[in-house]
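Trainee: May we examine this model together, taking one point at a time?

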Amino acid sequence: MRERLRLPSGLSLRPWEPSDAAAVLAAFAEPLTARQSDAPVLTPLDAEQWVERRRTQWREGTAHAFAVTDASDSALGCVTVSHLNAQHATGWVSYWTTPAARGRGVASHGCRALADWCFTELGLFRLELAHRTDNPASCTVALTAGFAVEGLQRQKLAYDGVRHDVETHARLATDPPSR
């Protein structure tokens with residue numbers, strides 16, 4: 001299984017490494033990104049543990065999280081496939097980028113490459129993702145990476161006492177290649 005991918009955009013995907021902890025800490029200092037974490041990342045130790053959880057999941061085959069890196073191998077974001085179901089050949093895609101990397105195609109290129117990797121390396125057939133409807137940038141990422149809109153989940157998420165609608169997307173191995 002390939003663990004490092006070079007993208008035509010000059011970006012790369014690679015598994016998270018212990019040396020990425022400082023980048024993780026900086027990324028999760030931003031409140032919108034902090035919501036994407038499975039546990040609070042407030043200290044250098046938290047960031048190290050976050051990276052180690054990604055590495056453990058990779059080894060166990062329960063999830064595959066890639067750092068999206070630039071030419072200097074600095075982490076600009078993350079693309080992950082999790083909730084893998086071998087029987088149905090499905091997975092759940094998530095992504096985030098550092099504030100400085102937003103608007104540069106980092107998430108879109110990373111998601112497109114992750115999806116292709118999931119179809120070829122993991123043999124998955126269907127990938128799903130979702131985003132809050134008040135996050136148009138995340139919708140653009142999904143559409144650009146070839147994920148078709150499938151529906152709306154009304155008031156699915158609650159943050160700070162406010163309910164949010166969620167739009168779902170999916171990409172199939174048989175879908176035409178994304179642009």
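**Strand pairing, burial and backbone angles**

Trainee: Which residue in strand 8 is the bridge partner of Ala 148?

Mentor: This is a predicted model, in which local features need pLDDT of at least 70 and side-chain atom pairs count only at pLDDT 80 or more, while totals for chains, interfaces and linings use all residues. Residues are numbered from 1 along each chain as its sequence is written, and side-chain values use heavy atoms, with hydrogens and water left out. Strands (E, at least two residues) and helices (H or I, at least four) are DSSP runs numbered from the N terminus. In strand 8, the residue bridged to Ala 148 is Ala 170.

Trainee: Over how many bridges do strand 7 and strand 8 pair?

Mentor: Two strands pair if DSSP finds at least two bridges between them. Strand 7 and strand 8 run in the antiparallel sense, and their bridges number eight.

Trainee: Which residue in the hairpin of these two strands takes a positive phi near 50°?

Mentor: Most residues other than glycine have a negative phi. The hairpin of strand 7 and strand 8 has two residues between the strands.

Trainee: What relative accessibility does His 83 have, given its positive phi near 50°?

Mentor: His 83 is found in strand 4 (residues 75-85). Exposed means over 50% relative accessible area, buried under 20%, and partly exposed in between (1.4 Å probe, protein chains only). His 83 counts as exposed because its relative accessibility is 63%.

Trainee: Which elements are included in what covers the buried residues of helix 5?

Mentor: In helix 5 (residues 136-144), the buried residues are Ser 138, Cys 139, Val 141, Ala 142 and Thr 144. Contact means heavy atoms within 4.5 Å, and Cys 139 is among the residues in contact with Glu 167. The covering elements include strand 5 (90-97), helix 4 (106-121), strand 6 (126-132) and strand 8.

Definitions and conventions:
Lists of a residue's contacts leave out its neighbours within four places in sequence.
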